[in-house]
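Thanks for coming, everyone. Please take a moment with the sequence and the model, and then I will walk through a few places in turn.

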Amino acid sequence: MIGSKMKRGLLAAAMTIALTGQAWAADLKWAHVYEEGSSYHKWALWAAEQIKDKTDGRVTISVFPASSLGKEAEINEGLTIGSVDMIYTGPNFAERDYGPIAISDYPFMLKDYDHWKAYRDSDLFSDLSDGYKDATGHTVMGITWYGYRHVTSKFPITKPADMEGLKIRVPDSPLMVLFPNAVGANPTPIAFSEVYLALQQGVVDAQENPLPTIKFKKFYEVQSNINLTGHIGNSLIVVVSETAMGQLGDDAAIVEEVVKDALAQNADEIYQSEQELADWFVEQGIQVNEVDKAAFQAAVAPILTDESKVPYTQEHYERMQALAK
């Protein structure tokens, strides 16, 4: 028989192992491809601090910016192989595992920022997040605003014909080549961390990103024109791996609440900066061009409701459009 003193010793050892395991398991890695000076990184750090405080240190999060744990495709894969626990990623990358989750990122799908906020808070987004979880096991913890994407180039672009044959960098996803293909451009997938050099060396002639991204990645240093196509209302989602969610236990609700709060504050900050940056670029000597947006919309409109060319259903499309005010 085991004596009471030995029992207590074994119990203490077991508790130590359990607590040590819990502390280790709750030390999560949050990876993303954006710069340390970006709003996305700032709010991730804020969330990490809040989560540590609200969980009394049971959950700690280390944030790894600027592709330090891999490019976007690699950190998406990392959720499954365990090299990362949570990530910022574009719906266009999540689309590879569950197509409908990317619906908001399709060209001219969103009418304005209020439409995006309605989508963020909708049953549609909740349902699509559930679909992504069913497909991958991973949890979409929230969504934030990335901004309206605009084309930058070395000459003015004001109508679809101006993009014919244009070699334009895009993220490596089927969604992101749709718009350039529709207007006769030549989409060229290049990793986000390599875009500046590709523009500088003439590997591509143009790229497309929101105004805040164009600023913090300094693309305006190697492009003379910003063309306000606004062709995609872009988002980022935060995804937490199935393994990490299992480790969080009861603290998962706290983590989700804080992450959603951080993402909402980031979204408003990005949107506000969009309102001010066109003038800032003009002050830097960049030519900012208004475009014939109706012509660009017409070029892609037939594709958006063709279920053979998009990963979402007609029902998804109608639910999305019903959210617009």
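Predicted model: local features only at pLDDT ≥ 70, side-chain atom pairs only at ≥ 80, totals over all residues.

Residues are numbered from 1 along each chain as its sequence is written, and side-chain values use heavy atoms, with hydrogens and water left out.

Strand β7 also pairs with strand β5, residues 167–170, here in the parallel sense and over 2 bridges, and in β7 the bridge partner of arginine 169 is glutamine 207.

Is β7 covered on one face or on both? Both faces are covered, with Ala206, Glu208 and Pro210 buried on one side and Gln207 and Asn209 buried on the other, where buried means under 20% relative accessible area, exposed means over 50%, and partly exposed is in between, for a 1.4 Å probe and protein chains only. As background, side chains in a regular strand alternate between the two faces of the sheet.

Now to the loops. Aspartate 56, in the loop between α2 (39–54) and β2 (60–64), has a phi near 55°, a positive value in a residue other than glycine, and it counts as exposed because its relative accessibility is 66%. Serine 67, in the loop between β2 and α3 (72–81), likewise has a positive phi, near 60°, but serine 67 counts as buried, because its relative accessibility is 17%. For context, most residues other than glycine have a negative phi.

Finally, the helices. The axes of α6, residues 123–136, and α13, residues 314–322, come within 10 Å and cross at roughly 145°, with axes taken as lines fitted to C-alpha atoms over the stretch in contact, and angles running from 0 to 180 degrees between N-to-C directions. Asp123, Leu124, Asp127 and Leu128 of α6 meet His316, Arg319 and Met320 of α13, contact meaning heavy atoms within 4.5 Å.

Key. Helix = DSSP H or I, 4+ residues; strand = E, 2+ residues; numbered from the N terminus. Pairing = 2+ DSSP bridges.
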